[in-house]
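Reader: I would like to go through this model term by term, and to hear on what grounds each label is given.

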Amino acid sequence: MSDEAVPRGQAMTDAQSGRWEEVLAALAGMLPTGAACVVVDGAGDHAAQVADRLAHALSSDGRLCTRLTGGTSPPSDDTWHADRSPGAVTLADGPRLRARPPATGWDVVVWLSCRPTGHSPNVGGERDADIVIDLRDETWPVIRHVARRLAGHSRWYITESRAFFATRAATWDTKFGDDMPAYTAAVDEAGIPVGAAVIDVGCGTGRALPALRSAVGPTGVVIGLDLTPQMLAVAKAGGRAQHAALLVGDARHLPLGDASVHTVFTAGLVNHLPHIGEGLAELARVARPGGRLVIFHPSGRAALAARHGRTLDPDEPLARKRLGPLLAGAGWHLDGYDDAPHRFLALATRR
């Protein structure tokens, strides 16, 4: 891939070029196999460049592709004719064309986001998007959301989550190491009994593991699970493997039997799950009746939104009015909810 594949045309390393190739190939593979009308929107002039590269990827795969550009006037009703030949893709970009879909509507809307990860996918221009790509780092795109109808069983989730976190693992503790007391306080409030079995799902570099070990004592069992091997490597290098067994695994398919742990601890996990209700149900599956779920973040929702320069979304999954029903539908009862400036903590009991 040439440097023109990257917005603003900056030079890339081989790894960055490869990341763009992976994302474009994934996008091409997610589009419907029949005729499809696709629009790329968001992130200013990046939309046209990404749409150009997607058109090139489709053509390289042998798919017929008609390219409409956002710089032209929206087609009038009597001239807007999408190519409905078998396998053909009509590909447009920009808000003006997105606002004037063909009579059959857009089959796929791709949104390029420069917003921080962890916000609800249903805000701003993303509200009706089928695919959301994180472009905060223009040289390292990451697919953050895919409509279920396009992604099957979310096969994209593992590759893209690892692509996001692997590049951040080495500096994670440098950026967030002062959060350790907040983790300890959250574990203390959870009331985990001595001798219990606990799992930290999405443990990252293992910041909660020392506190979890202290809570359960030497007779308890602590498991730290993360999808990204690089995160666990940092946990091991920092000596946190002495507190827990570390496993590479997917939060959506935990390698544990039913009702096998007393407490499930999660920090910053929920908003990263592609289907939150299903993810919470999997956490419930491994928890014993009466067991605990701890959902934690070392910043409150409002403080985190302000830090990232965004407006707090009242409908995001961790908002109380949404989290309670999500937990109830997954087999949990929400017992406590604290969204203070200095931390977010929700406690639930397995029914």
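Predicted model: local features only at pLDDT ≥ 70, side-chain atom pairs only at ≥ 80, totals over all residues.

**Labels and their grounds**

Reader: Why is the contact between D107 and R84 called a salt bridge?

Author: The side chains of D107 and R84 come to 3.3 Å, N to O, and a salt bridge is defined as a side-chain nitrogen of Lys or Arg within 4 Å of a carboxyl oxygen of Asp or Glu, so the label applies. Residues are numbered from 1 along each chain as its sequence is written, and side-chain values use heavy atoms, with hydrogens and water left out.

Reader: What makes D107 and R84 partly exposed?

Author: Buried means under 20% relative accessible area and exposed means over 50%, with partly exposed in between (1.4 Å probe, protein chains only). D107 has a relative accessible area of 23% and R84 stands at 39%, so both values fall in the range in between.

Reader: Which salt bridges does R67 form?

Author: R67 forms a salt bridge with D52, where the closest N and O atoms are 2.9 Å apart, and R67 also meets D93 in a salt bridge at 2.8 Å, N to O. R67 lies in strand β2 and D93 in strand β3 (residues 89–93), so this pair ties together parts that are 26 residues apart in sequence. As for the labels of burial, D93 is buried because its relative accessible area is 7%, whereas R67 is partly exposed at 24% and D52 is partly exposed at 41%.

Reader: How many salt bridges are there in the whole structure?

Author: A search of the whole structure finds 20 salt bridges. Among the residues involved, R19, E22 and E160 are joined into one network by salt bridges that share partners.

Reader: How do you know which parts of the model the predictor is confident in?

Author: The value to consult is pLDDT, the predictor's confidence in each residue, from 0 to 100. The protein averages a pLDDT of 90, and 90% of the residues score at least 70. Over residues 1–5 pLDDT stays under 50, and the model has 15 contacts beyond four places in sequence for them, where contact means heavy atoms within 4.5 Å. Over residues 117–122 pLDDT likewise stays under 50, with 21 contacts beyond four places in sequence.

Reader: What makes strand β7 mostly covered?

Author: Five of the five residues of β7 (residues 197–201) are buried. A197, I199 and V201 lie on one side and V198 and D200 on the other, and both faces are covered. The element itself is a DSSP run: helices (H or I) need at least four residues and strands (E) at least two, and they are numbered from the N terminus.

Reader: Which strands pair with β7, and on what grounds is that said?

Author: Two strands pair if DSSP finds at least two bridges between them. β7 and strand β8 (residues 221–226) have five bridges in the parallel sense, so the pair meets that requirement, and I199 stands opposite I223 in β8. Four bridges join β7 to strand β10 (residues 261–267), again in the parallel sense, with T266 as the bridge partner of V201.

Reader: What makes a crossover right-handed, and where is one found?

Author: A crossover is right-handed if, with the strands pointing away from the viewer, the path from the first strand over the helix to the second runs clockwise. β7, helix α8 (residues 209–216) and β8 make a right-handed β-α-β unit. Further along, β10 and β11 pair in the parallel sense over six bridges, and the chain crosses from β10 through α10 to β11 in a β-α-β crossover that is right-handed.

Reader: Which residues of helix α12 are buried, and what covers them?

Author: In α12 (residues 320–330), L323, G324, L326, L327 and A330 are buried. Their cover includes α10 (276–286), β11 (287–297), β12 (332–340) and β13 (343–350). β11 and β13 themselves pair in the antiparallel sense over six bridges, with L293 opposite A348 in β13.
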